[in-house]
Amino acid sequence: MKKSHTLALYADMDEAANAIRELKSSGVSGFRMEDVVVKSPIDHPELSELLGPRPVYIQWFTLLGVLLGPTTGLVLIASAQASFIYQIRGGRPVVPLPPDMVLTYELFILSGVLMTVLATFVAMKLPGNRSPLYNASVSADKIGILVKADPQSIPQINEILGRHKPLEIMGDQAR
Amino acid sequence: MSHSVPSRPQMDVQVERKFVPKQKDLGADVTWAKINKDVLRSLEKPRPVFWVIFFSALALFSFGVYCEVYQYQNGMGVSDLNNPQVWGLYIATFIFWIGMGHSGTLLSALLHIIHADWRKPIYRYSEAMTTFTLLTAALFVLVHMGRLWQFYYVVAYPNERWTWPNFTSPLVWDATAIGTYLTSSLLFLYMGMIPDLAICRDNARGARRALYRFLSMGWQGTDRQWANFKVAYMTMACFLMPLAVSVHSIVSTDFAVSQNPGWHVTSFPPYFVLGALYSGCSGIITLFIVLRYVFRFEAYMTQPILNKLIKMTFAIAMVWTYLDLIEYATTWYGSDEVAKADLVYRATGDYALQFWGMIFCAMVMPFTLLIRFVRHNYTTLLIISLILNVGMWLERFQIITPTFAKSHYPWTWTAGWWPSWVQWGIVAGSFGWFTMLFMLYCKIFPSVSMYEVKEMVHEQNMEEKAHATQVEVHEAGLLPEMKGGQA
C-alpha cells in the first residue's frame, strides 16, 4: 500500500515530545515508530530517545579505514623501497620500519577520516533530495514531526499531533 | 558556646552564594531566530570596512604576485638566496603559516571533545583560518622552488629509473603530513558547515542559493541525520587531535634530524607544537576582534568567550616560553661548542635585534594579557595579538637565518646576510593572499556556526530552567524551617 505523509510543526520542544509520546502510546495502526522522523535545527537527544533506537554504523567503517589504510600504506612504501635494492644503504636496512612508521601513521589518520566521511554521507543519505514536506522553518527555530503512514490512519495521527499546539499541520496526498 | 548554631544572616549569605549564576557566554536576548538573522545578514551586509580590508589585501597580494613574476623572469638570484642561505624568508614564513594553521582545527577538535561550549561561536572561523593558512604555506613550497614549471617535483613519484623518493626523509614526511592535515581540516570544516549551509539554502536567492543547495546536499535536519552527524563529527575530532600534533612535530624534524647547530635539539617537536598553538591562538584573537566588528557579531563573540581565549593563549605562551628557555639551557650546558657559539651569535651577533625582538614580543608581551584594561580594550588587544604574532614570525626567522649564517664551516659563513626586497614582497603578498581568501570566505559562508550557537542557547535555557527548579525546591524546603525558626 502506498503511504502518505504528514508533518506537524511545533514551536516548543516539550509539546513536540508530548506529541511523540502520545503517538507512541496511541495504538493507532498503519504506522511504525521507525517511520516517525523529527526534523529540527539542532540535535535533540531528548526527542531521539523517545523515538527509540536509531543505530549508527559509521564507526565500523572508521575501523575498516584505520585497519586498511596503514596496512596498504606500509606495504606500498616498503615495496617501493624494496624494489630498489641496489642502492647503497651503508649496512642499514632496505626497509627501515621505524621511519616508515611516520608515513604509516599519517595514512592511518587519512584513511580513517576519509572512510568516516564516506560512511557519514552514505548513512545520512547525502546527497539526496529533500522530502516534499520539507519546511524551511525547521532549519530556523521550529521542530517538525513527520509521520509516514497508511492513508486511512492519517486523520487519527493528525488528531493526535493537533492536540499538542502545533503551529501547522501539512500533508501530502497518497503516493 | 563553641557548637552554637550559626546566626540567621550568615545562613542567608550562604544560600545566596550557592546560587550565584556564573557569567554567561551569550546574552539572554539571543534567540534561535535572531541567530539565523544575524549570521545571514553578515553574508549580505558587512560593515563598509570589509571592503577596505579586502581591497588592501588584494593590493598586497598583487604586489606579491609582481615580486613572484619578477623572480620567475630573472631567476632566484634576485631573491638573494644562495648557499648557504638557501631557505631565507620563504621557509621561515612557510613554518609561520603552518604554525598559524595549527590552532584552528586543533583547538576546535580539542574543545569539541571536552565539550567546552564556548568554542561554538568561534570555531568555524578558526577552522577556516587553518585551511587558508595551509593553502598560504603551500605557496611557499612552490615559491621556494623557483622553477615553478617543475612544480610536480614536490609530488612523491618514481623517476624513469623507477627510483622512489626517500621515504625516510623528513621532507617527504612533511609533505604527507601537511597534505593529510589539509585534507582532514577541509573535510572537518565542510562537514561542520553542512547544517548551516542548509539554513543558507533555505534563505538565499539566485546564484547563492544554487551554491548552497549544491553544498548542503539535501540536508533536512532529521533525527537520523543528526545522530550520524554527531558521531562522525566527534570521530573526526578524535582523529584531528593527534594529527595536528604530529604535523608540527614532523615540521620540527625538518630541522631536528639535521646536524646544524641550534637545530639538533631533542625538545624541538613539543617546542614547535606549542609555538604553533601560540601563534594560532594569537591569530584567533586578532580575527575575533576583526570579525566581531566587521560582521557585527557582538552578540556572539562576547567578552566571557574572549576572556577564556586569552587565558588559554597566556597559558600556551608560558609553556612555549618554558620550552624555549629549556632549549637555550640545553645548548648552554651541553658539550656541543658549535651550538653554543651559535646561541651566543644569535643573542649578540648580526641578528641580535631579531632575537631580542622575539624575546620581547613573544615572551614579555604575553604578560600584558594579565592586565584587565588590555583584555577589555579591543584596539589594544588587537595590537597586542599582532605583536605576539610578529614575535612568533621573528622566532621562525631567527631559527633559520643565524644557523645558516654561521654553521660548522667558517668558509660558508655569510654573517650579516639580509633578504632582498623580492623576498619581503612575496612574504607581504602572502599576508594579502591569506586575508583576501579569509575575508572572502566569511562573506560567502557563515563564519559563526548557527546550529551550534543554537545548541548553546538551548543548553543555557535548560540550565536556567534547572536552576529555577532548584531554587524553587530549595525555597520550598527552607521556608518552613525559617518560618519555624522565626516563630
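# Reading a two-chain predicted model

Colleague: Start with Ala276(B). Which helix of chain B is its place?

Modeller: Ala276(B) sits in helix H9 of chain B. Helices (H or I, at least four residues) and strands (E, at least two) are DSSP runs, numbered from the N terminus. Residues are numbered from 1 along each chain as its sequence is written, while chains are lettered from A and ligands numbered from 1 in the order in which they are written. This is a predicted model: local features need pLDDT of at least 70, side-chain atom pairs count only at pLDDT 80 or more, and totals for chains, interfaces and linings use all residues.

Colleague: Is Ala276(B) buried or exposed?

Modeller: Count C-beta atoms, placed from the backbone, within 10 Å of the residue's own: 20 or more others make it buried, 12 or fewer exposed, and anything in between partly exposed. Ala276(B) has 29 other C-beta atoms within 10 Å, so it is buried.

Colleague: What does Ala276(B) touch?

Modeller: A contact needs C-beta atoms, placed from the backbone, within 7 Å of each other. Leaving out residues up to four places away in sequence, Ala276(B) touches Gly99(B), His102(B) and His248(B). Now look at Met301(B): it is 25 residues from Ala276(B) in sequence, and their C-alpha atoms are 23 Å apart.

Colleague: How many helices and strands does chain B have?

Modeller: Chain B has 16 helices and zero strands. Its C-alpha trace spans about 95 × 70 × 45 Å along the principal axes. Of its 487 residues, 44% count as buried. Take the contacts between residues at least 6 apart in sequence: 81% of them join residues at least 24 apart.

Colleague: What span is expected of H10(B), and what does it reach?

Modeller: The expected span is 1.5 Å times one less than the number of residues. H10(B), residues 303-333, has 31 residues and reaches 44 Å from first C-alpha to last, close to the 45 Å expected. Its buried residues include Leu306(B), Ile310(B) and Trp320(B). Helices H9 (268-294), H11 (337-348) and H13 (372-376) of chain B are among what covers them.

Colleague: Why is H5(B) called largely enclosed?

Modeller: Because 18 of its 23 residues are buried. H5(B), residues 123-145, reaches 34 Å, close to the 33 Å expected. Gly146(B) follows H5(B), with a positive phi near 80 degrees.

Colleague: Which residues other than glycine have a positive phi?

Modeller: Most residues other than glycine have a negative phi, and most peptide bonds are trans. Asp80(B) has phi near 65 degrees, and His115(B) near 55 degrees. Asp80(B) lies in the loop between H3 and H4 of chain B. His115(B) lies in the loop between H4 and H5 of chain B. Asp80(B) is partly exposed, with 17 other C-beta atoms within 10 Å; His115(B) is exposed, with 8.

Colleague: Which peptide bonds are cis?

Modeller: One is Leu126(A) to Pro127(A), omega near -5 degrees. Pro127(A) is in the loop between H4 and S3 of chain A. Another is Asn83(B) to Pro84(B), omega near 0 degrees. Pro84(B) is in the loop between H3 (49-74) and H4 (88-113) of chain B.

Colleague: Move to the strands of chain A. Which strand pairs with S1(A) over seven bridges?

Modeller: Two strands pair if DSSP finds at least two bridges between them. S1(A), residues 4-10, pairs antiparallel over seven bridges with S3(A), residues 143-149. There, Ser4(A) stands opposite Ala149(A). S1(A) also runs antiparallel to S4(A), residues 168-171, over four bridges. Leu9(A) has Glu168(A) as bridge partner in S4(A). Six of the seven residues of S1(A) are buried.

Colleague: Which residues of S2(A) are buried on each side?

Modeller: In a regular strand the side chains alternate between the two faces of the sheet. In S2(A), Val36(A) and Val38(A) are buried on one side, Val37(A) and Lys39(A) on the other. S2(A) pairs antiparallel with S3(A) over four bridges; Val36(A) partners Val147(A).

Colleague: How many residues does each chain give to the contact?

Modeller: Chain A gives 48 residues and chain B 45. H4(A) gives the most on the side of chain A, with 14 residues.

Key. Contact = placed C-beta atoms within 7 Å.
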